[in-house]
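Here's a quick tour of how the parts of this structure meet. Take a look at the sequence and the 3D view first.

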Amino acid sequence: MRELILAFESSCDETSVAVVENGTTILSNIIATQINSHKRFGGVVPEVASRHHVQQITRCTEEAMTQAGVTYADLTAVAVTYGPGLVGALLIGVTAAKTIAFAHHLPLIPVNHMAGHTYAASYVAPFQFPLLALLVSGGHTELVYMASRYDFQIIGDTRDDAVGEAYDKIGRVLGISYPAGKPVDELAHQGHDTFHFPRAMLEEDNLDFSFSGLKSAFINTVHHADQLGETLSKADLATSFQDAVLDILVGKTLRALKTHPVHQLVIAGGVAANQGLRARMHDALATLSDPPQLLIPPLRLCGDNAAMIGAAAHVAYAEGIRADWTLNADPSLSFPYSREALAAIK
Amino acid sequence: MREIITHDAAETVRLGRALGQLAQAGDVILLDGDLGAGKTTMTKGIARGLGITGPVKSPTFTLIREYQDGRLPLYHMDVYRLENGGAEDLGLDEYFDGDGVSVVEWSEFITDLLPPTYVRIRIARTDSTDDTRRITITAHGGDYVRYEDVAFE
């Protein structure tokens, strides 16, 4: 039988609605970004405004249904991201999903945004467990271990800034506007690592990350040059920064693979679009005797989108996970931490 | 006004801890300083002073992180992303009027939304070393003078 899930994602800046068939086929995946709304309304839409989601969600839903060529009577279930994210933004998706599920007598599936990011990679190949996921975005930097298909455990996390946030902040120092990930990545391919920024916590015997010290070292370097009236090469600064970031991300992931042997390694989240990260992880895995299969979602599924929520919801549905009409947004929702990860924080 | 020099991040955390021990329900603490000045580092200290033991991560992306496991709730806000507006929808006054301690980074972006009384902590780099910070504590409203009187060597 054909399983059709209507999925909603509104945890941050993107409003997205998708129809996913059997967890594997994307029939539609409508994403309203700020850029589109800037074009449509010819003005500046505040970066974080629930109003933006309200304006977009009905249109996105209609477009998703039309493009998929399905009616509400065809649907099996409705799924929605209920956290983590911005509370006002999350509430729009949660309310829309509840309304449609209630009106059409459909089961409601609550999905953790980070489960969605992980399952974006399942469109590349079916998952095999155990699996390790490196989830990297503007708000998250986590190593997540999956022993089975809906069992997520954080075994490593950032102690301060998320990696995407570090890109945005050093981008600002370089005069690159938000979001800075892509331009910095491109710039980093044109320079050399001449500044040798610190690789924080890389030698420590845990799986946690830290990017705050790197950010400070970067700012200090630019600050000193400014005081002396020198101009540093932006390309060399970007390369030095990105090399440090990649050493940390790849180094910690390899460490995790030693203690947690897996069949597959997923890299997902907005920073998974980074070309340097893709290349470096690929090369690093090639040095292992028995490397896991590397799964990285296509670029259009790296950022926030509802198709990834539909893929995760397919598994959640099979696991019997349902929400009732009291479902609320949970801005601080998190996977549980492993005992080792908790001990490392203390 | 009170001025304190700290010489590294650990000392900034120690000062934050002392300030956190002075915090009372409903307090609003503004943290000003450039990128990388140490605002989140200071917040880590304030959290420890409130008895919060877990990780204190940057709230830049999520705008607000709440910590409930201390002697008072801590609401750590970072409105860095709201330079061009959008903060009106966040319901910040509910936090400011609440029974926890609000720490606000980049408060210059939400001047119109701030309560009438608060303590402002400025963290500035100095010309001496990379890690030295000049920290200025200014009470706005009588109740907040206790922060200026913090016991710290």
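How many residue pairs are in polar contact between domain 1 of chain A and domain 2 of chain A? The count is one residue pair, with both residues at pLDDT 80 or more. A polar contact here is a pair of N or O atoms within 3.5 Å; within protein, one must be able to donate a hydrogen and the other to accept it, and residues adjacent in sequence count only if both atoms are side-chain atoms.

## Ground rules

This is a predicted model, so local features need pLDDT of at least 70 and side-chain atom pairs pLDDT 80 or more, while totals for chains, interfaces and linings use all residues. Residues are numbered from 1 along each chain as written, chains are lettered from A and ligands numbered from 1 in the order written, and side-chain values use heavy atoms, leaving out hydrogens and water.

## Inside chain A

Domain 1 covers 4–118 + 301–318 and domain 2 covers 127–296, with bounds from an automatic or database domain assignment. Between them, the two domains bury about 1200 Å² (accessible area, 1.4 Å probe, lost on being put together, summed over both parts). A:M114, A:T118 and A:C302 supply 49% of the area that domain 1 buries against domain 2.

## Where chain A meets chain B

Chain A and chain B bury about 2500 Å² between them, 50% of it on carbon and sulfur atoms. The rule finds one salt bridge across this interface (a side-chain nitrogen of Lys or Arg within 4 Å of a carboxyl oxygen of Asp or Glu). B:K57 pairs with A:D157 in a salt bridge, their closest N and O atoms 2.7 Å apart.
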